[in-house]
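Student: Please take a close look at a single residue for me. Then set that residue against the whole chain.

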Amino acid sequence: MTEQNVPQNKNAFNIPEVIPILPMHNVLVFPKTMIPLEVTGSASILVDEAMTKDRLVGLIMSKKEPEKPNVYTKEDLHPVGTCAVIMKMAKTMENHTQMLLQGISRFSIEEIVEGKPYQQARIKIIEEKDVKDLETEALMSNLLSLFDRILKLSPFLPPEFGPMAKSITEAGTLADLIASIINAPLEEKQKVLNIADVKKRLKELTLLVNHQMEVLELGNKIQTKVKDDIDKNQREYYLRQQMKAIKQELGESDENTVETEEYSKKIEEKNLPEEAKKEALRELDRLSRMHPSSAEYTVSSTYLDWMTALPWHDSTKDNLDITKARQVLDEDHYGLAKPKKRIIEYLAVRKLKPDSKGPILCFVGPPGTGKTSLGQSIARALGRKFIRLSLGGVRDEAEIRGHRRTYIGALPGRIIQGIRRAESNNPVFMLDEIDKVGSDFRGDPSSALLEVLDPQQNNTFSDHYLDVPFDLSHVMFITTANMLDTIPPALLDRLEVIELNGYTQEEKIKIAERYLIPRQLKENGLNASQFKLTSKALNTIISGYTREAGVRNLEREIANACRGVAAQIAEGTIKSKTVTEKDIHKYLGPVRVLADIDSRITKPGIAIGLAWTPVGGDMLFIEATAMKGKKGLTLTGQLGDVMKESASAALSFIRTNARELGVKTDFFEEMDIHIHVPAGAIPKDGPSAGVTMLTALTSLLSGRKVKKHLAMTGEITLRGAVLPVGGIKEKVLAAYRAGIKTILLPEWNRKDIEDIPPNVRESISFHFVQDMMDVVKLALEPAKDKKTAKKTAKRNRPVAPAKKKMKKKAEKLKR
């Protein structure tokens, strides 16, 4: 061990211009501070040579990571370092040297000097001037105060540092001492070392010490809080253990133990499936190790409540008496032969094969046709529980599959919730308005329904909350929709679609007499002797106040009449009332639906088409007119692209076959044509109006009116072929309600007439056409004679301005 007495004043050292430098990586030395250091390799040679001379070495922080060989440029080192003297040195082993260093003064590197096995540098000593003024004293006083607080907050710093710092009178030395002691990043300390001006150094160090003090105060606050919590928990644990011991002495049981035993008993009684039982027991084990005041305790107990409340094996016994089931269905609904037939078939299959899976039915039809109430009747006929879930506007997948238990307030999806409410694993489950399911950033509920509504997959339906399979194969799912277009194809493929089309007038009368009137009498506090509605009055309500496919508005109007009579009876003005056709105006107001077909077909250029809408069929009036102009075609009435194309195709066909249609070949050269479809506020589209548009144009240009009480539908081609269209039943029923007597349909739609009720088929004359020439012959009134036809066509065709001028000029020449 080599030792030397080192002078306290740096001026006692003769610091040469060139000194050996020792780049440092995780250590920073300030002037007037001491530090132990161990070096190896070439640094040991540096120490040996320094010991033989003046024992001086330059310590400077490196900017880069240590590398081999340890060669540094000026740019790799920080701008300011500390010149230190080796106070003690000892060799521990070969090329390993331990030493004790003391900083003397700051220096900056001028240049790196080569020529030694270690690095040297030409340096410039940074002189420090001791400043004593009022600001400096204030900075020192503030710094000492902050440093004293840091010592109190830092248990790892010895308290002796406080008196030592207070004994220092030099501002620069005080700043260097405090900077070397505080626990700050080396980069921040280097900033302090770089500052030669004492005042600036004191200000920079004050900011650093302030930050360090805030960190220590916050850490101390956190530590105190954690300690208080630990002490509180330990105290609670000790008290609980005492309470437990007291209860055992008194022979009382622990509440937590009692609840755990109850859950265990429920799990055994429920006879859960193997996977569900395993998950329930695992959660029960977690629950037994929790304290009731824990937040997780409520989550686990709620989960076990759901697991033990679900009807895993509980089911209702099906009523397999087919005669009785048919009787129940007929009691609740009039007509609806197809759905009733399908339910009876399902019952027959269940009777022959009890383990058969339930069908996934989809009732499609206009509003008010009894889709939802039919589901209730099916449940009553089968003797099952009925659950209804409305899907209209549902946009979150979690509504179907549930939320994962990681979320606060998580619950199973509405499918599992419905099963729990039913307390049976085989209810009739109605998913209402499946065509109105939406999707957004939360997921696509229709995709989640793919598993629910697939008989091959729903026996292992997994709800996110339960996280175990639940068998839905015993559930009879029934879905309802107004239209199929908005249902995703993959979902529609899983559904057995049964169409519920609109009712005829006769069917509505029967439904009103059997179901609607008795129900409204009951709801309005009347009996059959106080209120009666004649058949003619009922006919007037159906034809004059409601024009719908279903019976919802009809029931509403009957309710209006019942309330009117109930008010008179309550006032004492009458005791009973038989509402006749003449009384309807008094209770329901003026007629809302007018039979205007005859009044609208009064001149050539008007034809009646048939349209399909989501709420049933409807009448479509198409009007055409001509005016002076040249090759202009105007289409109005909010028509879609397909409908506009149909109008263009119809006009092209007429121009191509003008001679055969009795139209002047150059008619389009002299006029503009305007086609309008009334009810302009309603958007319209589709190809089925092509036949009607062509008929209206031909009627206009030939001067022949369309026959009365005649309607048509069909798509046309440029060559005049009539193509099939959809929605035939709805269109025919709408025509029947409007009083149409003759309907022209495409030949390919002949098969669809089988679905039309027999009384409607008998009331309407159907003509099936393949070519537009056949349509024109059947739809237009025959011309009385050629001369009259020419005059009529000429009257409907505008005269070109040029021809008028020529005519006047000829008359002048004759004079």
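Tutor: The residue comes first, then the whole protein. This is a predicted model: local features need pLDDT of at least 70, side-chain atom pairs count only at pLDDT 80 or more, and totals for chains, interfaces and linings use all residues. Numbering starts from 1 along each chain as its sequence is written, and side-chain values use heavy atoms, with hydrogens and water left out.

Take Thr206. Thr206 sits in helix H6, which spans residues 198-250. Helices here are DSSP runs of H or I with at least four residues, strands are E runs of at least two, and both are numbered from the N terminus. Is Thr206 buried or exposed? Thr206 is buried, at 9% relative accessible area. Buried means under 20%, exposed over 50%, partly exposed in between, with a 1.4 Å probe and protein chains only. Which residues does Thr206 touch, leaving aside neighbours within four places in sequence? Thr206 is in contact with Asn142, Leu143 and Leu146. Contact means heavy atoms within 4.5 Å.

Now the whole protein. The secondary structure comes to 28 helices and 25 strands. The radius of gyration is 49 Å, well over the 28 Å that the globule rule gives for 815 residues, so the protein is more spread out than a compact globule. That radius is taken over C-alpha atoms, and the rule is 2.2 Å times the number of residues to the power 0.38. Along the principal axes, the C-alpha atoms fill a box of roughly 140 × 110 × 60 Å. Of the 815 residues, 47% count as buried. Among contacts with a separation of 6 or more, 75% come from residues 24 or more positions apart.
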